[in-house]
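Take a moment to look over the chain before reading on, and keep the sequence beside you while you do.

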Amino acid sequence: MRAVIQRVSRAEVAVDGKTIGKIGAGLLVFLGAGDGDTETDLRYIADKTVGLRIFSDEDGKMNLSVKDIGGEILVISQFTLYGDCRKGKRPSFTAAMEPVAAEKMYEDFIRRMESEGIKTEHGSFGADMKVELLNDGPVTILLDSSKIL
């Protein structure tokens, strides 16, 4: 499982011109599930997301998590995180999880964020979405469960 996480001042997602998810300060999480990902991968990415200390403390050091600051999370499904561009110019997405299973992983991730007491908004799985954000920093973190030590 892969996630691109951006620290944001605000973010929102729209489908067909209608805003369906909107947050203030917090994390924008682009989430992709790969073929063969399991509950272990999901748990790893979810725990890392909640615990990432990428918000500034009173000394200006990145030392606080989204929970510590009372922040919010916007989750966007993003199978293109599994795009493989090593051959040719057109990405191959064969490493992405098939849609039915990927949607379940996406929904489980959202539930995990909510169960942590974090206000969590989300996009619409498989939809053509427009995402608008104000990146704070900028701070962008890449998580990949295949790189667990």
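A salt bridge is counted here when a side-chain nitrogen of Lys or Arg lies within 4 Å of a carboxyl oxygen of Asp or Glu. The model you are looking at is predicted, and in it Glu116 forms a salt bridge with Lys67, with the closest N and O atoms 2.9 Å apart. Glu116 sits in the loop between α2 and β7, whereas Lys67 sits in the loop between β5 and β6, so this pair ties together parts of the chain that are 49 residues apart in sequence. Glu116 counts as partly exposed, at 32% relative accessibility, and Lys67 is also partly exposed, with a relative accessible area of 41%.

By the same rule, the count for the model comes to eleven salt bridges. One of them joins Arg10 to Glu132, whose closest N and O atoms are 3.3 Å apart, and this pair links distant parts of the chain, since Arg10 belongs to strand β1 and Glu132 to strand β8, 122 residues apart. Both partners are partly exposed, Arg10 with a relative accessible area of 36% and Glu132 with one of 43%. Another pair is Asp128 with Lys130, where the closest N and O atoms are 3.7 Å apart; here Asp128 counts as exposed at 58% relative accessibility, and Lys130 is exposed at 56%. Salt bridges can also join up into a network, as they do for Glu39, Arg43 and Arg112.

How many of the 14 residues of β1 are buried? Eleven of them are, so the strand is largely enclosed by the rest of the structure. Its pairing can be followed strand by strand: β1 and β8 run antiparallel and are joined over twelve bridges, with Arg2 standing opposite Asp144 in β8. Seven bridges join β1 to β3, again in the antiparallel sense, and there Gln6 stands opposite Leu28. A further five bridges connect β1 to the antiparallel strand β2, residues 18–23, where the bridge partner of Glu12 is Lys22. In the hairpin of β1 and β2, two residues lie between the strands, and Asp16 takes a positive phi near 55°.

In soluble globular proteins, nonpolar side chains tend to be buried together. The largest nonpolar core of this model has 27 residues, and those with the most contacts inside it are Leu27, Val29, Leu31, Ile73 and Phe109. The elements β1, β3, α1, β6, α2 and β8 each supply at least two residues of this core, and its largest share, six residues, comes from helix α2. If you select Phe109 and leave aside residues up to four places away in sequence, you will find that it touches Val29, Leu31, Leu42, Ile45, Ala46, Thr49 and Val75. A second, separate core has eleven residues, including Val4, Ala11, Leu28 and Ile76, and Leu28 is the residue that stands opposite Gln6.

Helix α2 also holds Glu114, which counts as partly exposed at 40% relative accessibility. The C-alpha atoms of Glu114 and Asp59 are separated by 29 Å, and the two residues are 55 places apart along the chain.

How values were computed: Residues are numbered from 1 along each chain as its sequence is written. This is a predicted model: local features need pLDDT of at least 70, side-chain atom pairs count only at pLDDT 80 or more; totals for chains, interfaces and linings use all residues. Side-chain values use heavy atoms; hydrogens and water are left out. A nonpolar core is a set of buried Ala, Val, Leu, Ile, Met, Phe, Trp, Tyr and Cys residues joined through side-chain atoms within 4.5 Å. Buried means under 20% relative accessible area, exposed over 50%, partly exposed in between (1.4 Å probe, protein chains only). Helices (H or I, at least four residues) and strands (E, at least two) are DSSP runs, numbered from the N terminus. Contact means heavy atoms within 4.5 Å. Two strands pair if DSSP finds at least two bridges between them.
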